[in-house]
Amino acid sequence: MVPLNPLIFREYDIRGIVDTDLSPEIVKIIGQSLGTHLSGKQGPKIAISCDNRLSSPCYYEALREGLCASGCHVVGVGMGPTPCLSFATHHLDVAGGIQITGSHNPPEFNGFKITRGNESIHGDEIQEIRRIIEEGRLHTAESPGTFSEQNIHAEYIDRVAKDLTLQRPVKMVLDAGNGVAGPIAGDALRAIGAEVVELYCEPDGTYPNHHPDPTIPKNLEMLIATVRKTGAEVGIALDGDGDRIGAVDSNGRIIWGDELLILYSEPILARRPGEAIVFDVKCSSRLADAIKSMGGRPVMSPTGHSLVRANLVKEKAPLAGELSGHIFFSDGYLGYDDAIYAAGRLLHLVASGNQTLAERMAHIPASISTPELRIECTDKEKFEIVDTLRAHFRSRYETIEVDGARIIFEKGWGLVRASNTQPVIVCRFEAEDHASLDAYRQEVFEQLGRFPSVKLPNE
């Protein structure tokens, strides 16, 4: 048995470092374990796809070999965005799907997002995949499963564009960050009637212009400049595998995930009053207030695309999302996070009224808050450190412990939680004024500074 790093089996996906945690041999074993877990000995069909990271095509072949060895019949839908793989689990006669992607992680990472039926697996089910390997329970079929290929990009674009034809043309800039989603996203948005100015839409796994993570303001600088230069109404940024959206208006204001949820919620709750809108613990308190004012029911969820999606299903909610830009529509769509569909939905919203996106954003006051702060810490210690801080602040303040600790201060709140995808502790702060914001951040950072493995920012 090749050495296996158990830490790559995370809360809602499998993710590790290329050539350190992951190799073609390890990926083949993971594929065989996934086949064993997803199918037992029944040999159903499983769809697979990959992003455009340099290691992904090799891992695609290794995953196929492992799944077939377990007896699964594999349908390869080729290189494409994660939402296209999610669509495959609805569109094709398959029992689940696996996307090879490192998501928003740096280029040296890669991993696997796994779906059983139409729902992402997470938590102990991810750990069961590890246990199957460690306990030697891999199933080897007497006759390997078959492999076939099917291109579903045209069908995916048709589904995204369904019911989203724009009432008027909207000029927009699309920045795919050289990730895998650029070509399909451009075609889908043109299909609904948008005028698309493309920026870094050619897939390139070296990401030569900027890393495709729309939560980092620096990564949006060229998008903002291009929106202003071209006179576009909207700028859309996609992450590397196309399941997270970033947006800017014509003034260059960044529209964060929780602000997008406010925009999306208004027409939905006008049609569906009293229903739940699900959001993660990093979202602004403005979002919950807005949902209540629009007649909806705010529901806070732990962070993580699988966990938010699970709560969407549990609450029968029409909409869910995260600050990071994972947006889930079951209202009019299929309930998975799809940045390309979310972009189309935003353009449709803008085109359906008399206000530009900038005018709509003017009604949403900017919050006094920090961005998502990712503080380096070892994977081994991050959860223990957050547990210690949770106990410390619980004894002093009201805390919401849906995920880590969201500490309720007198004039705002602070969040400290362990990332499930990176060796970092995530913090975010919001307050009524800058002085309070600085004080709350300092109070939390003082506690984090007690741990040698935590690398606090210099500022």
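Reader: Thanks! What makes Cys-50 count as buried or exposed?

Author: Buried means under 20% relative accessible area, exposed over 50%, and partly exposed in between, with a 1.4 Å probe and protein chains only. Cys-50 has 4% relative accessibility, so Cys-50 counts as buried. Before we go on: this is a predicted model, where local features need pLDDT of at least 70, side-chain atom pairs count only at pLDDT 80 or more, and totals for chains, interfaces and linings use all residues. Residues are numbered from 1 along each chain as its sequence is written, and side-chain values use heavy atoms, with hydrogens and water left out.

Reader: How do you know that Cys-50 is too far from Cys-58 for a bond?

Author: A disulfide is a pair of cysteine sulfur atoms within 2.5 Å. The closest cysteine sulfur to that of Cys-50 belongs to Cys-58 and is 11 Å away, so it is too far for a bond. Cys-283 is in no disulfide either, with the nearest cysteine sulfur, that of Cys-427, 16 Å away. Searching the whole structure gives zero disulfides.

Reader: Why is the pair of Phe-329 and Tyr-341 called edge-to-face?

Author: Rings of Phe, Tyr and Trp (its six-membered ring) pair if their centres lie within 6.5 Å; planes under 30 degrees apart count as stacked, over 60 as edge-to-face and the rest as tilted. For Phe-329 and Tyr-341 the centres are 5.4 Å apart and the planes stand at 75 degrees, so this pair is edge-to-face. Both of these residues are buried.

Reader: And why is the pair of Phe-393 and Tyr-397 called tilted?

Author: Their ring centres are 6.3 Å apart and their planes lie at 35 degrees, so the pair is tilted. Phe-393 is buried at a relative accessible area of 0%, while Tyr-397, at 28%, is partly exposed.

Reader: What makes the charged end of Arg-406 sit over the ring of Trp-413?

Author: The test asks for NZ of Lys or CZ of Arg within 6 Å of the ring centre and within 35 degrees of the ring normal. The charged end of Arg-406 is 3.7 Å from the centre of the Trp-413 ring and sits over it. Arg-64 likewise has its charged end over the ring of Phe-147, 5.1 Å from the centre.

Reader: Last one: why is helix 3 called mostly covered?

Author: Eight of the 10 residues in helix 3 (residues 82–91) are buried. Among them are Cys-84, Leu-85 and Phe-87. Helices here are DSSP runs (H or I, at least four residues), numbered from the N terminus.

Notes: Helix = DSSP H or I, 4+ residues; strand = E, 2+ residues; numbered from the N terminus.
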